[in-house]
Amino acid sequence: MTPYQLDGMYCQPMTLEVPLDHAKPDGAQITLFARTLVDAQRRDEDLPWLLFLQGGPGFGAPRPTARSGWIKRALQEFRVVLLDQRGTGSSTAVSARGLAHLSAEEQAEYLAHFRADSIVRDAEWLRARLSPARPWSLLGQSFGGFCCLTYLSLFPEALHEVYITGGIPPVGRSADEVYEATVRRVADKQAALCARFPAMQGMLDRLADHLHHHDVRLPNGQRLTVEQFQQQGLDLGASGGPESLYFLLEGAFDGERLGDAFLYQLQGMQPFNGHPIFAILHESIYAEGVATGWAAERVRGRHPELDWAPGKPLHFTGEMIYPWMFEQFRELLPLRAAAQRLAKKSDWGPLYDRARLAANRVPVACAVYADDMYVEFDYSRDTLKGLGNSRAWITNEYEHNGIRADGERILDRLITLNRDR
């Protein structure tokens, strides 16, 4: 593929074929897309590699438009690899249309190969191509941090250093425990939002009542329901997210109807239609040898305040996946039966080797956000107790998306933590 230069970076797009199932290397293949970056003036130097593993699951790697943020800091000493994890971005995509030729059972079997263990094995294939003679380093954000601990469990010899931001997984915790913590954190964030903007709860309640009494359609034809809007609690855990929700609601109504601008903006804020892996495999990132069985739905049943009805205040939910989503979101409808099968799947393989993590010697530096809404702080701290050779910078200065808000400073701080031992 044709390289190009951008803001002093030499960029090389590339593709490679990997097995769908790494246990069957001669079986069906899928395509991975990656982009490498290096300081254009240092492209002939023998620089070490840094692989970035993005959050998700189900989202492609960043598309940098400038030499800024964490990439600016990384390019001072690394060649950077931006990998579209399998099923995302320009890698072989996962979509209802692309899976339509398969039965529900075949779809579920196919999708079961898109978890962190497969992503890490893909990365090893890529390392064999780019850096076969020496280990490389990792930078994992959110779910990318989960992948980092899977990498340390499977191939520690392939790693030189690891950096993690907002992504220490709850090793040994069930999906139910994770979602119970999520309910508490979303409630905290909503309370803070409504304290900051006293009119917010009234706006939420007016919108919920309107959606209950009217058939409101998004521009794609999908009916907008109360429970769909509750999921916009997803935005409460990112810097700027609460403010964006307030301003969205502030201009929602055009007289007695919802304005077109509001509906277009809200549709763009819903991640599920464009990123089906995020919905289909979200619960499975917490599954090792057990069926999740719609854990978020179980947890929701223990919190009646989340079931809105006329006259009740609306409470946000957040990063939780429910079976009704596969009846409402247009691009998830054809995958409903496959999602049901994956919820019942009990033979998920292991994601972490606890003994190997405890004995880990690869330097690991982590930014752990004390007020993180998506990754429970107490669970992260418990995991770090069982992760050898790790150091943590614990801060409430940033929300979960700190790497996007102040990436240059955060990565520099983590590099210092790893090197200053």
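This is a predicted model: local features need pLDDT of at least 70, side-chain atom pairs count only at pLDDT 80 or more; totals for chains, interfaces and linings use all residues.
Residues are numbered from 1 along each chain as its sequence is written, and side-chain values rest on heavy atoms, with hydrogens and water left out.

Helices (H or I, at least four residues) and strands (E, at least two) are DSSP runs numbered from the N terminus. Nine strands form an open sheet of mixed pairing, in the order β1-β2-β3-β5-β4-β6-β7-β10-β11. Two strands are taken to pair if DSSP finds at least two bridges between them. The edges are formed by β1 (4–6) and β11 (390–395), each of which pairs on one side only. From one strand to the next, the twist averages 25°; angles run from 0 to 180 degrees between N-to-C directions, and axes are lines fitted to C-alpha atoms, for helices over the stretch in contact.

Strands of a sheet pair through backbone hydrogen bonds, either parallel or antiparallel. The antiparallel sense is found between β2 (residues 9–19) and β3 (residues 29–39), which pair over 11 bridges; Q12 stands opposite T36 in β3. Strand β6 (residues 136–141) pairs with β7 in the parallel sense over five bridges, and G140 lies opposite I164 in β7. Strands β7 and β10 also run parallel and are joined by four bridges, with A367 in β10 as the bridge partner of T165. Six bridges join β10 to β11, again in parallel, and A365 is placed opposite R391 in β11.

Strand β7 (residues 159–165) is mostly covered, with six of its seven residues buried. In β10, six of the six residues are buried, so this strand is largely enclosed by the rest of the structure. V364, C366 and V368 point one way from β10, while A365, A367 and Y369 point the other way, and all are buried.

Helix α4 lies across β4 (49–53), β6, β7 and β10, and runs at about 145° to β6. Helix α15 lies across β10 and β11, running at about 160° to β10.

Two packed helices are described by the angle between their axes and the distance between the axes. Angles under 35 degrees count as roughly parallel, over 145 as roughly antiparallel, 65 to 115 as roughly perpendicular and the rest as oblique. A crossing is left-handed if the near helix is turned anticlockwise from the far one by less than a right angle, and right-handed if clockwise. For residue classes, Ala, Val, Leu, Ile, Met, Phe, Trp, Tyr, Cys and Pro count as nonpolar, Asp, Glu, Lys and Arg as charged, and the others, Gly among them, as polar.

Helix α3 (residues 116–130) packs against α4 (residues 143–154) at an angle of about 70°, with the axes 9 Å apart. This makes α3 roughly perpendicular to α4. The crossing of the two is right-handed. Residues of α3 in the contact include I119, V120 and A123, and those of α4 include F143, C147 and Y151. By class, the contact comprises eight nonpolar, one polar and four charged residues.

The axes of α2 (residues 104–111) and α13 (residues 336–344) come within 8 Å and cross at roughly 55°; α2 and α13 are therefore oblique to each other. Their crossing is right-handed. In this contact A104, E105, Q107, A108 and L111 of α2 meet A337, A338, R341 and L342 of α13, a set that divides into six nonpolar, one polar and two charged residues.

For α6 (residues 200–213) and α8 (residues 241–250), the axes come within 10 Å and cross at roughly 55°, and the two helices are therefore oblique. The crossing of α6 and α8 is left-handed. M200, M203, L204 and L207 in α6 meet L245, Y246, L249 and E250 in α8; the contact has seven nonpolar, no polar and one charged residues.

D371 is located in the loop between β10 (364–369) and α15 (377–385). This residue is partly exposed, with a relative accessible area of 39%. Residues up to four places away in sequence being excluded, D371 touches K189, N396 and E399. D371 and D188 are 183 residues apart in sequence and 9.5 Å apart in space, C-alpha to C-alpha.

Key
Contact means heavy atoms within 4.5 Å. Buried means under 20% relative accessible area, exposed over 50%, partly exposed in between (1.4 Å probe, protein chains only).
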